[in-house]
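Subject: Structure handover

Hello,

Here is the structure I said I would pass on. My notes on what was found in it follow below.

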Amino acid sequence: MATTRPYNFSAGPAAMPEAVLQRAAEEMLDWHGSGMGVMEMSHRGKEFGVIAAQAEADFRTLLAVPANFHILFIQGGGLGENAIVPLNLSRGTTADFVVTGSWSVKSHKEAQRYCTANIVASNTANGHTRLPEPSTWRMSSDTSYVHLCTNETINGVEFQELPDLAALGCEAPLVIDFSSHVASRSVDWSRVGLAFGGAQKNLGPAGLTIVVVRDDLLDRALKICPSAFNYKTVADNQSMYNTPPTWGIYVAGLTFQWLMHQTEGDLSGVAAMEQRNAAKARLLYDFIDNSAFYDNKVDGSCRSRMNIPFFLRDESRNEVFLTGAREAGLLQLKGHKSVGGMRASIYNAMPLAGVQALVGYMREFERKHA
Ligand SMILES: *Cc1c(COP(=O)(O)O)cnc(C)c1O
């Protein structure tokens, strides 16, 4: 259906597919004739059991998660995982961090409370605009895992391919924070030990965190690890050790169904999204690169398809740009305070038409103000 809602470029919590919001609205008071809304159901009842099992199965299908990985639905968010991962995996020894932007800086800092946290590569010197080449990473010989943020939401830097740690001579598991590009592209699970992400960028409402963890990593938690965040405890209880974020699981489940029905040519699901997202990002980057009025500082090899920071070369026009954008139905384009300028987050729920509308506005703004 044609939308009359504005296009929302928020970095997160972020725009949802309209069809998902409508479905959630229709089912708000009575889920499938149960007489209850999903928020009102016991997490241990048969209705919610069906919802959670379907969501998990659909996520597994969408991202082709192998059978030797558990999918956990928990609370705590991405920042919670910055503590929960070292509590579960570090054994209190050493963990290695690849610092590529604001989020991996935070992950490294938090882990220092629980283990020796090393930085094995960093792009701080170039302002987080290029990625350190994996062959230059110097992993610790005794590291318990290697952490990286595969899409740096604030800096707009994305790994286009996951590093093969084994080929680099490192046997430790790779941990990825894929909060801001989960389900926007496929994941090579043969290179991953654990992946975590908050749902509020690409999957659903804030409050749900998804952890995908290889079975051999489940049972190494420190004694001080809170039981509700012990991966083995959570896995043994099918994510129902304590009350999981039921509303978040339900809405994410609706998003998974929506994703499975997306197509581009012969492609469907995440493969279709990947192609669509590449086309959306190309449209915006090409426009910026061909303009003397706008600028993006990230190297072409690692530009994020999801989060595109850009600058007006004349920054005194920023407020006028943002006000005009809002009036044109283009919301939440202000850049993160640590980077400045503008940022367009174009997650799965942003249609190509939304990016076309943004580019149209930017072209017109340039014509008026250049
Ligand atoms: C948004 C985001 C987080 C979020 O953490 P919260 O605790 O859920 O606020 C973590 N990592 C990345 C890469 C993010 O984009």
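A residue is called buried here when its relative accessible area is under 20%, and exposed when that area is over 50%. The model is a predicted one, and the values below are computed from it.

Strand β3

With that cut-off, Thr 94, Asp 96 and Val 98 point one way from β3, Ala 95, Phe 97 and Val 99 point the other way, and all are buried. Strand β3 covers residues 94-99, and because six of its six residues are buried, the strand is largely enclosed by the rest of the structure. Its pairing with strand β4 (residues 116-122) is parallel and runs over six bridges. Within that pairing, Ala 95 stands opposite Ala 117 in β4.

Three-stranded sheet

There is also an open sheet of three strands, in the order β13-β14-β16, with antiparallel pairing. The edges are β13 (294-295) and β16 (342-345); each has a single partner strand, so one side of each is left without a neighbour in the sheet. Four bridges hold the antiparallel pair of β14 (residues 307-312) and β16. Phe 310 has Met 342 in β16 as its bridge partner.

Nonpolar cores

In soluble globular proteins, nonpolar side chains tend to be buried together. In this model the largest nonpolar core has 54 residues. Which residues have the most contacts inside this core? They are Phe 59, Leu 63, Trp 137, Phe 178, Trp 189, Ile 210 and Val 212. Helix α6 (residues 246-260) gives the most to the core, namely eight residues. For Phe 59, leaving out residues up to four places away in sequence, the residues touched are Val 65, Ile 71, Phe 178, Val 182, Leu 203, Ile 210, Val 212 and Phe 256.

The largest pocket has a volume of about 520 Å³. It is lined by 20 residues, and the closest to its centre are Met 16, Pro 17, Glu 18, Ala 349 and Pro 351. Both β1 (7-8) and α1 (18-26) supply at least two residues of this lining; the largest share, three residues, comes from α1. By class, the lining of the largest pocket holds 13 nonpolar, four polar and three charged residues.

The second largest pocket has a volume of about 270 Å³. Of its 15 lining residues, Pro 132, Glu 133, Pro 134, Phe 159 and Glu 161 are the closest to the centre. The lining of the second largest pocket divides into eight nonpolar, two polar and five charged residues.

Backbone points to check

Most residues other than glycine have a negative phi, and most peptide bonds are trans.

- Gly 12 and Pro 13 are joined by a cis peptide bond, with omega about -10 degrees. Pro 13 is in the loop between β1 and α1.
- Ala 183 has a positive phi, near 70 degrees, and is not a glycine. It sits in the loop between β8 (174-177) and β9 (194-198). With a relative accessibility of 4%, Ala 183 counts as buried.
- Gln 238 is not a glycine either, and its phi is positive at about 45 degrees. Its place is the loop between α5 (231-236) and α6. Is Gln 238 buried or exposed? At 59% relative accessibility, Gln 238 counts as exposed.

Gly 37

The last item is a glycine in a loop. Gly 37 is found between α1 and α2 (46-62), and its relative accessible area is 2%, so it is buried. Which residues is Gly 37 in contact with, its neighbours within four places in sequence left aside? The contacts are Glu 27, Met 28, Leu 29 and Asp 30. Glu 27 is ten residues from Gly 37 along the chain, and their C-alpha atoms are separated by 6.8 Å.

Regards

Technical notes: Residues numbered from 1 in each chain as written. Predicted model: local features only at pLDDT ≥ 70, side-chain atom pairs only at ≥ 80, totals over all residues. Heavy atoms only, no water. 1 Å grid on protein atoms, 1.4 Å probe; cavity = no way out; pocket = protein on both sides within 12 Å on 5 of 7 lines; lining within 4 Å. Points joined across faces, edges and corners; volume = space filled by probe spheres on them. Nonpolar A, V, L, I, M, F, W, Y, C, P; charged D, E, K, R; others polar. Core = buried A, V, L, I, M, F, W, Y, C linked by side-chain atoms within 4.5 Å. Buried < 20%, exposed > 50% of the residue type's maximum accessible area, 1.4 Å probe, protein only. Contact = heavy atoms within 4.5 Å. Pairing = 2+ DSSP bridges.
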